[in-house]
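Let us walk through this model. We start at the contact between its chains, then turn to a helix and a single residue.

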Amino acid sequence: MKLTAALAGLTFALSATLATAEGLPDLAGREVVVVTENAYPPLQFLDASGAAVGWEYDAVAEIAKRLNLVVSYQNSSWDAMIPAVSGGQYDMGMTGITIRDDRKEQVDFSDPYMRSEMVMLVRGDESRFSDAASFAANADLLMAAQPGTTPFYVGVYEVLDGNEANPRIKMFETFGAGVEALKAGDVDLVLTDGTAGAGYVAASNGGLKIVGDKLGAEDFGFIFPKGSDLVAPINAAIAALKADGTIEALNQKWFLDYKMGQ
Amino acid sequence: MAGPGNEPGPFGMTRAHPPGSDFPWWLGLLAALGVWLFYQVWASAIYAQVMATLAKGIWITLLVTVLAFALACGLGLGLALASQSRLLVVRQMARFYVEVVRGVPIIVLLLYVAFAATPALVEAWNWLTGPFGLEPMRGRDFSLLVRAIIALTIAYSAFLAEVFRAGLVSVDAGQIEAAEALGLNGWQRFRHIVFPQAFRTILPPLGNDFVAMVKDSSLVSVLGVADITQLGKVTAAGNFRYFETYNVVALIYLTMTITLSLGLRRLEARLRAKGKR
């Protein structure tokens, strides 16, 4: 056990001086445990056959190929993910995590690999408001959000008045529960990123629609335990994927071609 | 039937209908509902897809339930015996454990075991064994599944300790005195005299707690353990169909809990009949 570890360390030291054709480091088959929840389509989700697929799986597979990593996947809930990665239980977390300063106290982030914009998801028969300003102007209107998530912060700072305790924001534990509350009429607005929003609209038979302009721009990054030596090589790989159009191809595949909720 | 002391109470309550005396119409209704849902699973593509995905979670739910319950039974029995100990310290320690654990919601216990207690224990272990040159233990050697089972074991051990204690107390003191007079030692008294009689008192509440454990095992989904509930959550996030998905989730749990309840009632009835002989 010790011997193989020593050998692996030696190979690693040797190969660190080598480099692939693109100038990316060769990590010599290093094992990386990646954690995700599979609850954020189309980044990672279960398809109709129950297989875990998505943009991030494809991107990480490509990164692993280029850096010569051996990736295995584990699941945890979103609530558990940052503490688990921070505590070193996993080498890396991927689940569309917005790069935020307060989270940087717990974990290290990669460079951004995606920019997400929010859309306003409303009931199909909604006529009282048509954009963020008209929503904010009518004090009767309520929105649903998961505390501590990107839609929550966009709702507070870009739609409402910057008060995180605003009673017009109703908290839900899961994103889906917020959408059910929207359908049931308990709230009038849910913010979501464009793809998931389109998926909900498609699956709703006219019960839901999207109004207004896109809001908020959030950058997503992978997370690592503090001080992880994976951050630099993975950043290099992300840069390579951006440069050669791989990211663009993944966006086309998962955000435009793939039909969610059908 | 009307007479003094036999007036119907609220909702027409009388003592004339002991449980089990009615024809189980509720079971018929439930079976009809189950047949309808199973028909949906068979006939509708969405239900079928959801069922195929959630089926993978049934094993995790069963594993968590059976393992945590078995461990909790062992720990609970130990606590019950400790609460009857001759030593004050042992009695009080058992009491302390039961009161603390019973007073904390299981979901809090889960998060606490997963993210506070486990890392602390790993650190303590490494600090203790470090000087002896042992390889340091890593937090990741304890999967979230293991942590979830540990947390449920701790939570249920406190409930079960009370069930076992009630059972032990219910055995008549004269029985134990008689066993002592016959020269049986402590273990023999427990094994041959106390436990067989206590078991009959213990079985119904034990069965209830087992059925409750099937349902409470769903709490492990907060850690992301891929049980039926977590797979339901994840499936609904991907197919955007909450109604259909949670119908299947409920169907699977109900099938398990009702089957178990009916089986346990059978077993209790058989034990009662045996006891009367």
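How many residues does the contact take from chain B and from chain A? It takes 25 from chain B and 33 from chain A, where contact means heavy atoms within 4.5 Å. This is a predicted model: local features need pLDDT of at least 70, side-chain atom pairs count only at pLDDT 80 or more, and totals for chains, interfaces and linings use all residues. Residues are numbered from 1 along each chain as its sequence is written, chains are lettered from A and ligands numbered from 1 in the order written, and side-chain values use heavy atoms, with hydrogens and water left out.

Chain B and chain A bury about 2,300 Å² between them, 56% of it on carbon and sulfur atoms. Buried area is the accessible area (1.4 Å probe) that two parts lose on being put together, summed over both. In chain B, the residues that lose the most area to chain A are B:R140, B:F240 and B:Y242, together 32% of what that side buries.

The rule finds 1 salt bridge across this interface. A:E37 forms a salt bridge with B:K233, with the closest N and O atoms 3.8 Å apart. The term asks for a side-chain nitrogen of Lys or Arg within 4 Å of a carboxyl oxygen of Asp or Glu. Helix 8 of chain B gives the largest share of the side that touches chain A, 8 residues. Helices (H or I, at least four residues) are DSSP runs, numbered from the N terminus.

Now take helix 2 of chain B. A kink of about 30° is centred on B:A55; the bend is the angle between axes fitted to the seven residues ending there and the seven starting there.

Finally, A:T246 lies in helix 10 of chain A. A:T246 is buried, at 17% relative accessible area, because buried means under 20% (1.4 Å probe, protein chains only).

Technical notes
Helices (H or I, at least four residues) and strands (E, at least two) are DSSP runs, numbered from the N terminus. Buried means under 20% relative accessible area, exposed over 50%, partly exposed in between (1.4 Å probe, protein chains only).
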